[in-house]
Every structure is written in C-alpha cells, then in structure tokens.
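Here is my note on the model you sent. Please keep the structure open while you read the points.

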Amino acid sequence: MVKNAWRVAEEVHIRINGEPAPKGFIASAVSERPGVEFFYNKEWLTKYNITSTTKRPEVPGHSYFQKVEKFFEMHYERGELYMEFLKKDCLSKVGRSCNACTEWIGPESTKRTPRPFPDTSPPSHHYLPLEKTPTINVDGSTREPDDFQPRAQLRKRFFNKEIKLGDSEEIEAFSKQYIVGVDLIEEYLQHLTNIELRKLKRKQEKEKLKVNEASKSYSDYDWEKLYKTGRLKNLKVCELDKYVQHYKLTTRKLTKAEKLQLLSAHISQRICQKIISNAKATTSQAPFSQSEHDSQSSSSSEESSSDDEVLNVFGGYSREHDSFGDAIMDEDSDEDDFPVGEITVNRYGRKVGSWRSRYTQDE
Ligand SMILES: [Zn+2]
C-alpha cells in the first residue's frame, strides 16, 4: 500500500512537473522517503523532546536542538492554530538583539498580526476588520494568544475548573461570549471529561502497581526465569535491590546497569553450581562409561534438559570460542582448553568448562 502511494506520487510528479500553467509553469517534487531523508536526526530530536531538562545534556545533538529551541522561544508567538515569527522580538525578551537578528538583512516587521477580535456592533457574528483589530486590551496590556479562540478558551476554563458538563448557566454564557452553539460546547466538554477520566484511571492503575511492587518480596520473583528470558532489565531498581539485599551482595551504591550485571553474574553462578551438584549426585548414584552416557543423554529427557542448561550458561563462551562447539562433538579435540575437573570463570563471572568437567570433577 505504501509502495503504491509512493509510485503514484512519483508518476503524478513526472506528469505535471514543468507543464504550462497560468502565469508560468508547474514546479513539482516528491518528498524524500523516510529512509533516505536528509534530516536524519528525527530519532535524536524525539529523544531530546521526551527527556527531562536536567538529563538533556546527555542526549546526542542537544546543543543544536537547544539552540533551535531557544530561537523559537525568543522569536515566536504560539497559539492553538498558529505560530508567528517576529524579527527582533528577542530585544523585548532579553534586552538585546541575537546574532541571527543582527545579521539578517531583509524586510522587517515591527509588530505582530493582531488575532481576530469579535465585532459586537450589529449585525453580530463578525470579527473586526484587520485595520480595526486591537493589539492591546482595554486596560492597555498586550492581548494574550487565543484570547478569542473558542476551543482554546473552553479548554483553559475546563482545566481551571471554571466550567463543566451540566453547568448550563456557564455553558450559556460561554456560548454568548464566543458565539458558539451550546451543542458544540457540550460535545467538546464531553471529550475533555473522557480524557480526564482516562488520565485518572491510568494514575490509579499506576498507584496500584506501585503498591503491589512494594509489597512483593524476594521470593515472589522467579529470578532464574527472569534471567534466562532476558527480562531482568525490565525490573525496577527497587526490585533489583530485593535480590541484592537477600544475598547481601554489596553495600556499594551501584547504577542499574551495574546491578543488572551483578545479578546476572550471581544467578548464572547459582545455576552452574546447581548443575554441578546435580551431576555429582548422579555420578555417585550410577557411574557409567562415556558410551553409556551418550545413549542415556539421548533417551533421558531430564538429562537432555540439563545439557540445554549447560549450553545456555556457556552460550557466552561458545560465541567467543567457536572451537568450543567442536569440543562437545569431538572427543579427541584439544583438551587443554578445559582441563578435566577444573572450573574456570569467564570475564562475566560465569563458570565455563566442558560438559565433561561436571562428570569427572570429583574423580
Ligand atoms: Zn533575535
């Protein structure tokens, strides 16, 4: 569907570009597809916008975004439906002209375009013509953006709790002041009320979740499962702390990333120990030869799931050492990498060794 839309747009562009039109020729262009756009910083701009002011300096490109944002703040007036630039507006805001305004050679406007103002003289339901539209209020103060924009004013009053659904007197007065039908006002108030209700519900659910999280203890989590499925990182710091405190791992102040590393190392160590002690128990109960083991591991589901766990735990190592896979398959391969009966720990704190080490460790 998207592909077709682009294709149609390109065809329309080819057909009409350069064709004669009243007072000249048509100039047509197709915008760049999102994947090949020149402005590649959309991702970072989004990140900048959703990050709190104090943490923004950590976002790549923040200096550039901040400069643009400041320029907008100093020169633009924003309403609900418009955005107007005024050269040298920085002068009135910070008391001096910015570099952009000083260096700009071009036409200058000294004042903003006045926003529509109702004409109360009969016949009513009109706005004053532009030349008669005031830029200041009766008391001499500058007019606020959207001061006669019905929707913006209704929203403002709703959130200030000055008007609500069912408040017929207020609605009637608003309808007369801004010349808008009562039905339209009620419809918009209903919409705003729904938004408020949804917001309230989300807040309540969040609080409930918070209470649940706080009441949970170490034993309410399946730590091994969380580790194996890679969902440890989804936990909050206070939840990770429950594990750290339970095992008294450290009293140092750690970042979330450091805590995750510590937990992963500790959980994997516990899994390794469990496998080793299980293997020890099995070996002492029923010693068997290598050929017996091969036939057993393929027939016993418990044994094969244990093998899976070894591969899972050793996964990090086998990626770094491709020959490790061969060590499992080939009995005659170089045994020096994993001396029999010796468990080594890799740089992540995970225990590494060949499958054989768990059977022969206590020999
Ligand atoms: Zn300026």
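1. Start with a term. Two residues are in contact, or touch, if their C-beta atoms, placed from the backbone, lie within 7 Å. By that rule, Leu263 touches Leu232, Leu240 and Tyr243, leaving aside residues up to four places away in sequence. Keep in mind that this is a predicted model.

2. Now the overall picture. The protein chain holds 15 helices and eight strands. It has 363 residues, and 8% of them count as buried. Take the contacts between residues at least 6 apart in sequence: 40% of these join residues at least 24 apart.

3. Which residues form the largest nonpolar core? There are six: Leu232, Leu235, Leu240, Tyr243, Leu263 and Ile267. Two helices, α10 (237-246) and α11 (256-285), each supply at least two residues of this core. Another core lies apart from it and has five residues, including Leu154, Ile163, Phe174 and Leu189. As background, nonpolar side chains tend to be buried together in soluble globular proteins.

4. Look next at Trp223, which sits in helix α9 (residues 223-228). Is Trp223 buried or partly exposed? It has 18 C-beta neighbours inside 10 Å, so it counts as partly exposed. The cut-off for buried is 20 or more. Trp223 touches Tyr243 and Ile267, again not counting residues up to four places away in sequence. Both Tyr243 and Ile267 belong to the largest nonpolar core. Trp223 and Ser264 are 41 residues apart in sequence, yet their C-alpha atoms are 9.5 Å apart in space.

5. Turn to the helix pairs. Two packed helices are described by the angle between their axes and the distance between the axes. Helix α6 (residues 150-159) packs with helix α8 (residues 182-215) at an angle of about 50°, and the axes are 11 Å apart. That angle makes α6 oblique to α8. The crossing of α6 past α8 is right-handed.

6. What makes the contact between α6 and α8? From α6 come Arg151, Leu154, Arg155 and Phe158. From α8 come Ile185, Tyr188, Leu189 and Leu192. Sorted by class, the contact of α6 with α8 has six nonpolar residues, no polar ones and two charged ones. An α-helix has 3.6 residues a turn, so residues three or four places apart point the same way.

7. Tyr188 touches Arg151 and Leu154, not counting residues up to four places away in sequence. Tyr188 and Arg155 are 33 residues apart along the chain, and 8.6 Å separates their C-alpha atoms.

8. The second pair is α7 and α8. These pack at an angle of about 120°, with axes 9 Å apart. They are therefore oblique to each other. α7 also passes α8 in a right-handed crossing. Ile171, Glu172, Phe174 and Ser175 in α7 meet Val182, Ile185 and Glu186 in α8. By class, this contact of α7 with α8 has four nonpolar residues, one polar and two charged.

9. How many residues of helix α7 (residues 168-178) are buried? The count is one among its eleven residues, and the helix is hardly covered. Just after α7, Ile179 takes a positive phi of about 55°.

10. Check the backbone at two lysines as well. Most residues other than glycine have a negative phi. Lys88 has a phi near 65°, a positive value in a residue other than glycine. Lys88 is in the loop between β4 (83-85) and α4 (89-94). It counts as partly exposed, with 17 C-beta neighbours inside 10 Å. Lys248 also has a positive phi, near 50°. Its place is in the loop between α10 and α11. With 7 C-beta neighbours inside 10 Å, Lys248 counts as exposed, because the cut-off for exposed is 12 or fewer.

How values were computed: Residues numbered from 1 in each chain as written. Predicted model: local features only at pLDDT ≥ 70, side-chain atom pairs only at ≥ 80, totals over all residues. Axes fitted to C-alpha atoms, helices over the stretch in contact; angles between N-to-C directions. Helix = DSSP H or I, 4+ residues; strand = E, 2+ residues; numbered from the N terminus. Parallel < 35°, antiparallel > 145°, perpendicular 65-115°, else oblique. Left-handed = near helix turned anticlockwise from the far one by under 90°. Nonpolar A, V, L, I, M, F, W, Y, C, P; charged D, E, K, R; others polar. Core = buried A, V, L, I, M, F, W, Y, C linked by C-beta atoms within 7 Å.
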